[in-house]
Amino acid sequence: MQYDTLHMGRSSIDLYSNDIGAPFPEITGFAAYVGGSPTNISVGARRLGLRSALFTGLGEDPVGDFVLRFLEQNGVETRYVIRKPGRRTSAVLLGIEPPDRFPLVFYRENCADIELTIDDVLALPLDDVAVFQFAGTNLSREPSRSATLFAAERAREAGARVVLDLDFRPDQWHDTRAFGVAARSALRLVDVVLGTADEVNAAELADAGDVRLEHSQISDARVGGDVETAARQLLELGPGVLVEKRGERGACVWMADGAALEVESFPVEVQNILGAGDAFAAGFLYGYVNGWDWHRAARLGNACGAIVVTKHGCANFMPTLEEATAFAEKHGGL
C-alpha cells in the first residue's frame, strides 16, 4: 500500500489563548497552531510512524500557506490538499479555562474544505490505501457530503477499511438532528466508528432539546441518551466496531457481536481537552493498521490522548510512538 491512512475533512488555523484561566473577553494574545479533526489525526498518525495523507481544501490565502507548510514539515502527504479559489481557510479561536471550560469559536463561512467535490475524489489513490478515515462534519453541507460518501464507497470497493470519526459540532448543522440522519446514512460504508458518548447519542438524536451547549464548548456539547443503546443501534447499520472515547475514563470498544471491552485510561492533569480525541484516533489507527488487538490499540489511543490534554494545542503536540510508549510504560504499559 502507498498509504497506511488517508484522512478527509476539515483543516484550519487554530488560535489558542495564551492566557490560561482567563475568561474569553480578557484574553490578551493567542498562539497559532494547525487544527481540524482529520488534519490532526493525519499528523498524529504520521508522528507515530504511519504513512498518512490528507485530503482537504485550503483557500488561496496566507492561512492556507501556514497550514500547508506545517503539514509538509511533519511529513504528511499533501498532494491531495486542494487550494480552492475564492474560498477561505478555516479558523478556530479557543479560550482555555481548565479544568472544564474551553469556549470555542469556529470561522467556517465560505470555507474551502467543505467545497471538496466528487471530481476531487476521483484523483485519490483509494485503491492504494489501507484505511480511509473521514469526519462527520464533512456531511454537514454539499458538495462535501456527496464527495465524502462517494470516497467512502470507492474506498470500500477497493478493499480499504473505512473509519468514521463522528466529530459532532452542533453549530455546523442547520438542525442538530440532521447530524444523526447524515451519520447513519454513511454507516453502511463504515467498518469502525469513533466518538464520545455525546457524539454517539447525537448520532441517534430524536429530540433537538437533548443537546445542551454551555460556555460555547462546541467540541464538548452534552447530548442526553443511553450510550449503550445508541451504540448498539448504530452497529446494527453496518460497522463491526464502535469505539467510545471516554476521556479520563479511558475507552469502551462496543462490538457488533454484542461484546464490550473496557480499556483503562492514564492519570494526567488536564490543560486543554481539544485535540485529545484526535490524538486517541491517531493512536488507535496505528494499532488498527498494524493488526493489534482492540485493547492494545485503544490503550495506545488513550496514551496519545492523555499526552495531548497536558499540552497547549492539538496537531503541534501529537506524540511519537517512542514518546507514547515511554509514557505508557510509566503507567502499566500498553
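Predicted model: local features only at pLDDT ≥ 70, side-chain atom pairs only at ≥ 80, totals over all residues.

Me: In what order do the strands of the open sheet of 4 strands stand?

Reply: Strands of a sheet pair through backbone hydrogen bonds, in either a parallel or an antiparallel manner. In this structure the order is S3-S2-S6-S7, and the pairing is mixed. Strand S3 (30-35) and strand S7 (104-107) form the edges, each pairing on one side only. From one strand to the next, the twist averages 20 degrees.

Me: How many bridges join S2 and S3, and which helix packs on the sheet?

Reply: Strand S2 (residues 12-17) pairs with S3 in the antiparallel sense over 6 bridges. Within this pairing, Asp-14 stands opposite Tyr-33 in S3. Helix H2 (residues 62-73) packs on the sheet and touches S2, S3 and strand S6 (90-94). The direction of H2 makes about 65 degrees with that of S3.

Me: Strands S9 and S10 are also joined by bridges. In which sense do they run, parallel or antiparallel?

Reply: Strand S9 (residues 161-165) and S10 run parallel and are joined by 3 bridges. Asp-165 stands opposite Leu-194 in S10. Strand S10 (residues 192-196) is mostly covered, with 4 of its 5 residues buried.

Me: Which residues of the largest nonpolar core touch the most other members?

Reply: In soluble globular proteins, nonpolar side chains tend to be buried together. Here the largest nonpolar core holds 50 residues, and Val-192, Val-243 and Phe-284 touch the most other members. Helix H8 (residues 276-289) gives the most to this core, contributing 9 residues. Beyond four places in sequence, Phe-284 touches Val-192, Leu-194, Val-243, Trp-294, Ala-297, Ala-298 and Gly-301. There is also a second, separate core of 46 residues, which includes Leu-6, Phe-134, Leu-166 and Cys-252.

Me: How many disulfides are there?

Reply: The test is whether two cysteine sulfur atoms lie within 2.5 Å of each other. By this rule the count is 0. For Cys-111, the nearest cysteine sulfur is that of Cys-314, 17 Å away, and Cys-111 is in no disulfide. Cys-111 counts as buried because its relative accessibility is 1%. Cys-304 is likewise in no disulfide; its nearest cysteine sulfur, that of Cys-314, is 14 Å away. At 1% relative accessibility, Cys-304 counts as buried.

Me: Where does Glu-199 lie, and is Glu-199 buried or exposed?

Reply: Glu-199 has its place in helix H6 (residues 197-202). Its relative accessible area is 8%, so Glu-199 is buried. A polar atom of the Glu-199 side chain lies 3.3 Å from the backbone nitrogen of Asp-167. Leaving out residues up to four places away in sequence, Glu-199 touches Leu-166, Asp-167, Phe-168, Arg-169, Phe-179 and Lys-245.

Me: Where is Gly-250 found, and why does Gly-250 count as buried?

Reply: Gly-250 is found in the loop between strand S13 (241-245) and strand S14 (251-255). Gly-250 counts as buried because its relative accessibility is 1%. Apart from neighbours within four places in sequence, Gly-250 is in contact with Glu-244, Lys-245, Val-263, Glu-264, Ser-265 and Asn-302. The C-alpha atoms of Gly-250 and Ala-298 are separated by 8.4 Å, although the two residues are 48 residues apart along the chain.

How values were computed: Residues numbered from 1 in each chain as written. Heavy atoms only, no water. Helix = DSSP H or I, 4+ residues; strand = E, 2+ residues; numbered from the N terminus. Buried < 20%, exposed > 50% of the residue type's maximum accessible area, 1.4 Å probe, protein only. Polar contact = N/O pair within 3.5 Å; in protein donor to acceptor, adjacent residues only side chain to side chain. Contact = heavy atoms within 4.5 Å. Pairing = 2+ DSSP bridges. Axes fitted to C-alpha atoms, helices over the stretch in contact; angles between N-to-C directions. Core = buried A, V, L, I, M, F, W, Y, C linked by side-chain atoms within 4.5 Å.
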